[in-house]
Amino acid sequence: MSERWRGGRAAIALAIAALSSAALADTGAGIPQPLPGAEPGDAARGRAIVANRQVGLCLLCHTGPIAEERFQGNLASDLRGAGQRWTAAQLRLRIVDASRINPLTIMPSYYKTEGLTGVAASHAGKTILTAQQVEDVVAWLQTLKDNTP
């Protein structure tokens with residue numbers, strides 16, 4: 001790999017980190033604005049992200065109203081009623097970096113690149129989800145107003 005390419009990758013990683021720090025400032029109640037560069041979230045795409053065991057792995061720990069997916073987790077909160085319990089800003093913060101709410105959480109920081117440990121070299125400087133994917137998941141979770149299984 002050329003030095004120019006390495007330098008370009010480093011610059012991109014620094015830009016993402018700077019953008020993340022500035023744009024993800026929370027008010028204590030969540031991240032009030034959509035993530036930079038993202039369009040309004042699409043609930044159907046958000047549901048697909050949560051259901052996809054290769055993308056977010058949400059159902060490893062959570063259970064939710066996705067009947068076609070068997071073997072859902074029970075380590076974390078049920079996603080049913082998420083849109084009733086939390087605002088979009090609060091959900092966005094939980095997805096971006098749940099450790100800001102609970103420093104002992106085992107939930108991954110889906111849109112954080114700095115201050116992480118144990119990250120494989122191939123994933124360093126990268127987020128798990130894109131800004132758009134975060135907004136899509138928030139949009140879907142906001143539709144979940146009913147707690148009934």
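Glutamate 135 forms a salt bridge (a side-chain nitrogen of Lys or Arg within 4 Å of a carboxyl oxygen of Asp or Glu) with arginine 92, the closest N and O atoms being 2.8 Å apart. This pair links distant parts of the chain, with glutamate 135 in helix α6 and arginine 92 in helix α5 (residues 88-97), 43 residues apart; helices are DSSP runs of H or I with at least four residues, numbered from the N terminus. The model is predicted, so local features need pLDDT of at least 70 and side-chain atom pairs count only at pLDDT 80 or more, while totals for chains, interfaces and linings use all residues. Residues are numbered from 1 along each chain as its sequence is written, and side-chain values use heavy atoms, leaving out hydrogens and water.

**Salt bridges**
- The structure holds seven salt bridges, and Asp97, Arg100 and Lys112 are linked in a network of them.
- Glutamate 135, at 4% relative accessibility, counts as buried, and arginine 92 also counts as buried, at 5%, where buried means under 20% relative accessible area, exposed over 50% and partly exposed in between (1.4 Å probe, protein chains only).
- The side chains of arginine 47 and glutamate 68 meet in a salt bridge at 2.8 Å, N to O, linking helix α2 to the loop between α3 and α4 (82-85) across 21 residues.
- Arginine 47 is partly exposed, with a relative accessible area of 26%.

**Helix α2**
- The buried residues of helix α2 (residues 43-51) are Gly46, Ile49, Val50 and Ala51.
- Aspartate 42 caps the N-terminal end of α2, with a side-chain oxygen 3.2 Å from the backbone nitrogen of alanine 44.

Methods: Helices (H or I, at least four residues) and strands (E, at least two) are DSSP runs, numbered from the N terminus. A polar contact is a pair of N or O atoms within 3.5 Å; within protein, one must be able to donate a hydrogen and the other to accept it, and residues adjacent in sequence count only if both atoms are side-chain atoms.
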